[in-house]
Amino acid sequence: MQFAEANGARIPTLGMGTMTLKGETCVNAVSAALKIGYRHLDTAERYGNETEVGEGLRASGIDRKDVFVTTKVYWDKLAPADFQKSFDESLNKLKLPWVDLLLIHWPSKTVPLADTMPMLCAARKDGRARHIGVANFTVPLIEEAVRLATEPLVANQIEVHPYLDQSKVIAACRRHGLSVTAYCPLARGQVPGDAALAGIGKRHGKSASQVALRWLVQQGIVVIPRSSKPERLAENMAVFDFTLTDAEMAEVARLKRPDSRVVNPPHAPKWDMAA
Ligand SMILES: NC(=O)c1ccc[n+]([C@@H]2O[C@H](COP(=O)([O-])OP(=O)(O)OC[C@H]3O[C@@H](n4cnc5c(N)ncnc54)[C@H](OP(=O)(O)O)[C@@H]3O)[C@@H](O)[C@H]2O)c1
């Protein structure tokens, strides 16, 4: 396993996404992933599966200390009292005294960041979150968060895949020493059937999905693909035994196109993610 180092955190470069995984499917997939070598789990209060993620972690038999667990507080719970309650509930559901990374899941349109950041920083200070960070933050929001933070921020979790150009946000993260975690790294199922990626993969004996994941990790980006299927969990993990050439990296980058975002901001009216 490789790691991304960021402001004191050591984050496994490959994690398992768990959005939409529920019940026994979630418990079994989490346990299976850990048994084959995953050491990083991504959940959120919003996913409604923290109980099952915690259960899968225990069922795997892997030492809790060896697994990097991320959870998140949703945008409608960023007022200080709501934030505290949401994080308490997350820890209770996970049955964990602490998580490795706590993220603001989306920025709020109504609660000022200045009200939320002290809560996020307090979670790190009291040890219930080893590290803290943000998700879906644009360049101006990253600047504001860094300015307000009294504890180091280690990550911005954003949508990144070959079709979406996130170079400006990634550059802002790097300026401030934050790691970038790519969510929807497979563009929610568009990547596996991509002919151009499959063509590159053929040269390496790899699939289109593996090429996209390799393209991300080769840039130092953390990836959290989600699958409920053991064979795909294994496929998505096998991205550390080959290297894309500079020409192939550029070939993948050329797949970017406008309007390729898979996830729309949950706020209405739409949040401007282009900034
Ligand atoms: N911070 C945020 O706002 C945010 C937003 C979205 C997602 N996330 C996180 O990022 C994670 C990943 O994003 P995502 O789940 O939306 O999308 P994704 O990982 O890009 O794609 C998941 C889809 O791809 C399929 N798949 C996985 N591996 C495959 C393979 N090797 N070949 C063919 N199909 C494959 C899965 O189906 P099967 O299960 O059938 O394999 C599933 O339908 C989430 O689970 C969540 O933890 C965070």
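Contact here means heavy atoms within 4.5 Å. The model is predicted, so local features need pLDDT of at least 70 and side-chain atom pairs count only at pLDDT 80 or more, while totals for chains, interfaces and linings use all residues. Residues are numbered from 1 along each chain as its sequence is written, and side-chain values use heavy atoms, with hydrogens and water left out.

**Exercise 1.** Work out what surrounds Ala-9 and whether it is buried or exposed.

*Solution.* Start with the place: Ala-9 sits in strand E2 (residues 9-12); strands are DSSP runs (E, at least two residues), numbered from the N terminus. Next, skip residues up to four places away in sequence; Ala-9 then touches Ala-4, His-131 and Val-154. Finally, Ala-9 counts as buried because its relative accessibility is 0%, where buried means under 20% relative accessible area (1.4 Å probe, protein chains only).

**Exercise 2.** Check the length of helix H4 (residues 113-125), then find what covers its buried residues.

*Solution.* Helices are DSSP runs too (H or I, at least four residues). The expected span is 1.5 Å times one less than the number of residues. For the 13 residues of H4 that gives 18 Å, and the end C-alpha atoms are 18 Å apart, so the two agree. Now the buried set: Leu-113, Thr-116, Met-117, Met-119, Leu-120, Cys-121 and Ala-123. Their cover includes helix H3 (80-94), strand E6 (99-104) and helix H5 (139-148). After H4 comes Gly-127, with a positive phi near 85°.

Note on methods
Buried < 20%, exposed > 50% of the residue type's maximum accessible area, 1.4 Å probe, protein only.
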